[in-house]
Amino acid sequence: MFAAIDEKTISRAIVNEYHEQLHKAIDSDVIIAGAGPAGLVSGRMLALQGYNVTLIERNNYLGGGMWIGGYLMNKITLRSPANTVLDELNIPYRTPQPGLHVADASFFASGLIRGACEAGVAFLNMTIIEDVVVKDKKLTGLVINSTPVTMLPKFITCLDPIIIEGKIIIDATGHDAVICRLLGKRKLLQPQGMGPLWIESSEQSIVAHTKEIFPNLVVAGMAVSENFGLPRMGPTFGGMLLSGVEAGKAVLSLLKK
């Protein structure tokens, strides 16, 4: 038999647990925008070091584009040495030829999500970033709102957001490069837009350009391509995984200054 619990107790549990998490997120060590591969890898890495990490995702699901591969086929490809991340998380894969690895998309996505959850990353999904907070020429926070707000009629104006603050923020929002573009609107950055596809050049360049690009802002994953005008990566995920690792290293270095 199920335990005897009344409905109001269930509602209180949901409300209390969520608002406790939201309260903690308002003052985070690290805020990561985007729960794709780069965001999940960097989030796990930082949470394992004991930092308060909040990961914002605009969708109701986590994982970004990891749930499906090229041409809607549910297989994920990656090149060595990115398979080391899968090894660490016990995500299985096959190696059809040396240096090329193929994983099941569902196992790949769920494995990265579980790794971040087990490390202690807190998630605010169904959350959009409306604006940035910049003080003394440093990024100090994000203006956030509920994703469903974007679906309401434009004439409804009283939809105030809230603000969360972090010591360091990572833009891992993929091709949207949300934070980079918001800073670009203020002439504080100059996002270049992504270049045409070239897998070998793209993955190397994305990892190499994963770094702090504005005070307190580290860019990771495909947002790197969008900011620096690098080639498109195509149907392979290794560059995003290792960019997440590099983003984590960059944040650790900044937090220890």
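Visitor: By class, which residues make up the lining of the largest pocket?
Guide: A pocket is an open set of points on a 1 Å grid over the protein atoms alone, where a 1.4 Å probe fits, with protein on both sides within 12 Å along at least five of seven lines; lining residues have an atom within 4 Å of a point. Here the lining has 19 nonpolar, 14 polar and four charged residues (Ala, Val, Leu, Ile, Met, Phe, Trp, Tyr, Cys and Pro are nonpolar; Asp, Glu, Lys and Arg charged; the others, Gly among them, polar). This is a predicted model, with local features needing pLDDT of at least 70 and side-chain atom pairs 80 or more, while totals for chains, interfaces and linings use all residues. Numbering starts from 1 along each chain as its sequence is written, and side-chain values use heavy atoms, leaving out hydrogens and water.

Visitor: Which residues lie nearest the centre of the largest pocket?
Guide: Look for G64, G65, T173, G174 and H175, part of a lining of 37 residues.

Visitor: How many aromatic pairs does the structure hold?
Guide: Rings of Phe, Tyr and Trp (its six-membered ring) pair if their centres lie within 6.5 Å; planes under 30 degrees apart are stacked, over 60 edge-to-face, the rest tilted. There is one pair here: F108 and F237 sit edge-to-face, 5.8 Å centre to centre with 75° between the planes. The pair links distant parts of the chain, as F108 and F237 are 129 residues apart.

Visitor: Which residues of α6 and α8 meet?
Guide: Helices are DSSP runs (H or I, at least four residues; strands are E, at least two), numbered from the N terminus. With contact meaning heavy atoms within 4.5 Å, E203, I206 and V207 in α6 meet G238, G239, L242, S243 and E246 in α8. By class, this contact has three nonpolar, three polar and two charged residues.
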